[in-house]
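Have a look at the model first.

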Amino acid sequence: MGQFSAWHWLIVAAVFVLFFGAKRMPDAARGLGRSLRIFKSEVSRMQSDDADAANERSARENIGLPATAQAPATPFAEPVVRPTKTL
């Protein structure tokens with residue numbers, strides 16, 4: 001089992017064109033590109049959030065607060081349920 005030659009790639013491309021059709025291939029490529037951009041931005045956002053959390057933790061330690069102290073509520077916190085008025 002050697003490496004793929006140009007003929008192998010040509011056959012794979014022909015199968016894709018036959019299977020999906022030439023008209024849907026650009027749309028599929030465009031959708032894949034959008035998905036990859038979204039994925040990349042979400043990964044970078046997660047990494048920056050992790051860095052921010054580490055900076056906050058070290059800042060808390062520098063002012064004498066325990067590192068395990070709770071940060072302010074996040075958007076993912078449980079919503080506050082208030083009782084409704086009864087008539």
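This is a predicted model: local features need pLDDT of at least 70, side-chain atom pairs count only at pLDDT 80 or more; totals for chains, interfaces and linings use all residues.

Residues are numbered from 1 along each chain as its sequence is written, and side-chain values use heavy atoms, with hydrogens and water left out.

Q: How many aromatic pairs are there by the ring rule?
A: Rings of Phe, Tyr and Trp (its six-membered ring) pair if their centres lie within 6.5 Å; planes under 30 degrees apart are stacked, over 60 edge-to-face, and the rest tilted. Here that gives 2 aromatic pairs. Phe16 and Phe20 are stacked, at 5.8 Å centre to centre with 10° between the planes.

Q: Where do Phe16 and Phe20 sit in helix 1?
A: Helices are DSSP runs (H or I, at least four residues), numbered from the N terminus. Phe16 and Phe20 are 4 residues apart in helix 1 (residues 6-20), so about one helical turn separates them. Phe20 also pairs with Phe19, this time edge-to-face: 5.0 Å between centres and 80° between planes.

Q: Is Phe19 buried or exposed?
A: Buried means under 20% relative accessible area, exposed over 50%, and partly exposed in between (1.4 Å probe, protein chains only). Phe19 is exposed at 67%, while Phe16 at 41% is partly exposed, and so is Phe20 at 34%.

Technical notes
Helices (H or I, at least four residues) and strands (E, at least two) are DSSP runs, numbered from the N terminus.
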